[in-house]
Amino acid sequence: MSATDVYRQNHDVAEPRFGFWRRSYAMLVKEFIQLRRDRVSFAMIVMIPVMQLLLFGYAINTTPRNLPTAVLLQEDSDLARSILKALENTSYFRFTREVHDVAEFDDLLKSGKVLFGVEIPRGFERAVRRGDHPALLVAADATDPVAAGSALSALGTVVQTALEHDLFIGDPPSLPFEIRAHARYNPAASSRLNIVPGLVGTILTMTMLIFTALSVTREVERGTMESLLSMPIKPIEVMFGKIIPYVLVGFVQATLIVGIGVLLFGVPILGSLLTLALLSTLFITTNLSIGYTFSTIVQNQLQAMQLSMMFFLPSILLSGFMFPFMGMPVWAQYIGEGLPLTHYIRIVRAIMLKGATIQNLQYDTIALIALMLLAMTIAVTRFRRTLD
Amino acid sequence: MSTIATNAADIAINVEGLSKSFSGREVVHDLSMQVKRGTIYGFLGPNGSGKTTTIRMLCGLLTPDSGEGTCLGYDIRRDADKIKRQVGYMTQRFSLYQDLSVRENLEFVARLYGLPDARAAARDMIDRIGLKGREAQLAGELSGGWKQRLALGACTLPNPQLLLLDEPTAGVDPKARRDFWNEIHALAAEGLTVLVSTHYMDEAERCHEIAYIAYGHLLAHGTVDEVIAKSALSTYTVTGDDINTLSAELLGKPGIDMVAPFGTSLHVSGRDQSALEAAIAPYRDNENWHWQHSEPSLEDVFIDLMGRSRDNFQ
């Protein structure tokens, strides 16, 4: 073979054999190298599925038990105590509060601190002995039909069985009193009434997070960060400048979603519109701050997206949006308390469906403010003022 | 304006022993320099020699590992915020917002520095840099030369005392380069201090003073004449036929440190004049070539410095 032939063979411009596969292979090798270099992405490939599967597999429970229940005991009698014991034995109810008047009873249900309230009226035992067949009131927060449903449906039979063992009910095998179950706020058990307010929060979480999660990395990747850092601007000023425009965007978005929910899906707004607007703005700002914090932690836009996804999934699954919050194990509830969506879903359901006021929602409001300040503090301290 | 520390009245930059490493690799080593106010100070050196890192340390974008100094009388470690108010930094890569228009970019800068009337400041700067008629164009759509004018406009907008320009004319055509340098001289005439890094020898010669940095070490500084004089390099310029052959023959001969073609002539240089003369003696009688003792060019000096520093530091 002549030198020219060798040259031709090595520098052939014609289509090589298996050209398609060679070029695909070249691309594939390059992608693998880049993937291996991006340690964080590499870790996330393993971490995300394993962590999330374990997390959600153990946490989600659609037939929740041990639901927090308030008791309004108007008389202290043996019968009353037996009934409460029987209720607790059903394992659906867990008595967490004892209240002394109806107003307090209503407040607890409204604020979402309890899912059920049991009221034993004054003179209950005497009425039973007289054969008056008095009523025992079980009020349920039915905003989430799934959470309340199984407990309510089991109520009659389960209590009867429990009491049979315990007390004087032998023949006739029927309860000498009536259990009057009252599904409050969503008597028709319409899941739409529950889902639509929850969707407000979920959609806002997704959009707000992405807006700011990319904001700092974008400046770094486009090279504008170098110029910005050489000018006299402080981290907190950068943060406010980047968050505030999206608060307006988020507000418009929230109005849109709530508007559609009311007009198309017939979800009521029983509470104050102003409170809803105010707390929605707080929620929007909290999410924007968290997204912004992400963008100060990650190194590129891909990582920012991954981190947002990692935050978004538990927000949907552990916030009480899809599955009853009270049904989760305690450790999962703690995680849930750390997510802004959990608090906002309580807020938005309570205002829209229960007519709750800001006093009823103090705890969740404070929690949102705390999460917002925490995120902002991390963001400001994490923001790199130099290129070191 | 007179609040600036008076003890450093005529020194804009005064740093000593600056060092900086990135992941174990020392990029700047024990660098000291003084830049007088109102001068144009050229910062020369090959790629990766530490020019950008030094500039970034001067304006507070990087923290030196060791060393100290002042910039406009402010401590470069503690007073980065104050330095940033008085320094305009033009980055090597265009770093204004590509998706903002010319005017919007300038107004952004004006507002960041808290100029009383950002719109007016931007309008005046657009006139000054000759971008009138293009103010609504997106910065990303400007050509290289216009981008560079805009970047210069943005960093001079807040009336800085010191300009740090990192290879401002890379990739810009000769006409735009000349205009740019005229502008720099005009600014210096107004009292501005300019530190400019460059690869171009003709630009180095337009500076009042220059410093040469290679492998993180400052190798020479002073005026162009001083740097050439201090180099102790002897150079002969050869003209004639077939200088390529001559070049190939001379290369690597003891006493000859550098052979560089310049168009139709050849620069032959050596650090030791007698050794150089001995080496070229056999060729001087050849009638094909005309030998003339000449001053080394700045480029000769720099390439020699670079070669020597490679031996020393690598």
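Guide: Let's start with a word we'll need: two strands pair if DSSP finds at least two bridges between them. Keep in mind, too, that this is a predicted model.

Now to the sheet itself. In chain B, six strands make an open sheet, in the order S6-S7-S8-S3-S9-S10, and the pairing is mixed. Which strands stand at the edges? They are strand S6 (87–90) and strand S10 (217–222) of chain B; each has a single partner strand, so one side of each has no neighbour in the sheet. Going from one strand to the next, the twist averages 15 degrees.

Strand S7 (residues 162–166) of chain B runs parallel to strand S8 (residues 193–198) of chain B, and five bridges join them.

Two helices are worth a look here. Helix H5 (residues 144–156) of chain B packs on the sheet and touches S6 and S7 of chain B, with its direction at about 160 degrees to that of S6(B). Helix H8 (residues 224–231) of chain B also packs on the sheet, touching strand S9 (209–214) and S10 of chain B, and its direction makes about 115 degrees with that of S10(B).

Next, zoom in on strand S3 (residues 40–44) of chain B. Is it buried or exposed? Five of its five residues are buried, so the rest of the structure largely encloses S3(B). Here's a handy general point: in a regular strand, side chains alternate between the two faces of the sheet. In S3(B), Ile40(B), Gly42(B) and Leu44(B) are on one side, with Tyr41(B) and Phe43(B) on the other; all are buried, and both faces are covered.

What does S3(B) pair with? It pairs with S8(B) in the parallel sense over five bridges, and with S9(B), also in the parallel sense, over four bridges.

For contrast, chain B has another open sheet, with four strands in the order S12-S13-S11-S14 and antiparallel pairing. Its edge strands are strand S12 (258–262) and strand S14 (289–294) of chain B, and each pairs on one side only. The twist in this sheet averages 25 degrees from one strand to the next. S12(B) and strand S13 (residues 265–270) of chain B run antiparallel, joined by five bridges, and Pro261(B) stands opposite Leu266(B) in S13(B). This sheet has a helix packed on it as well: helix H10 (residues 273–284) of chain B touches strand S11 (234–240), S13 and S14 of chain B, with its direction at about 140 degrees to that of S13(B).

Before we stop, zoom out to where the chains meet. There, 17 residues of chain B are in contact with twelve residues of chain A. On the chain B side, helix H2 (80–86) and helix H3 (102–112) of chain B are the elements that give two or more residues. H2(B) has the largest share, three residues. By class, the chain B side has nine nonpolar, three polar and five charged residues.

Note on methods: Residues are numbered from 1 along each chain as its sequence is written. Chains are lettered from A and ligands numbered from 1 in the order in which they are written. This is a predicted model: local features need pLDDT of at least 70, side-chain atom pairs count only at pLDDT 80 or more; totals for chains, interfaces and linings use all residues. Axes are lines fitted to C-alpha atoms, for helices over the stretch in contact, and angles run from 0 to 180 degrees between N-to-C directions. Two residues are in contact if their C-beta atoms, placed from the backbone, lie within 7 Å. Ala, Val, Leu, Ile, Met, Phe, Trp, Tyr, Cys and Pro count as nonpolar, Asp, Glu, Lys and Arg as charged, and the others, Gly among them, as polar. A residue is buried if 20 or more other C-beta atoms lie within 10 Å of its own, exposed if 12 or fewer, and partly exposed in between; C-beta atoms are placed from the backbone.
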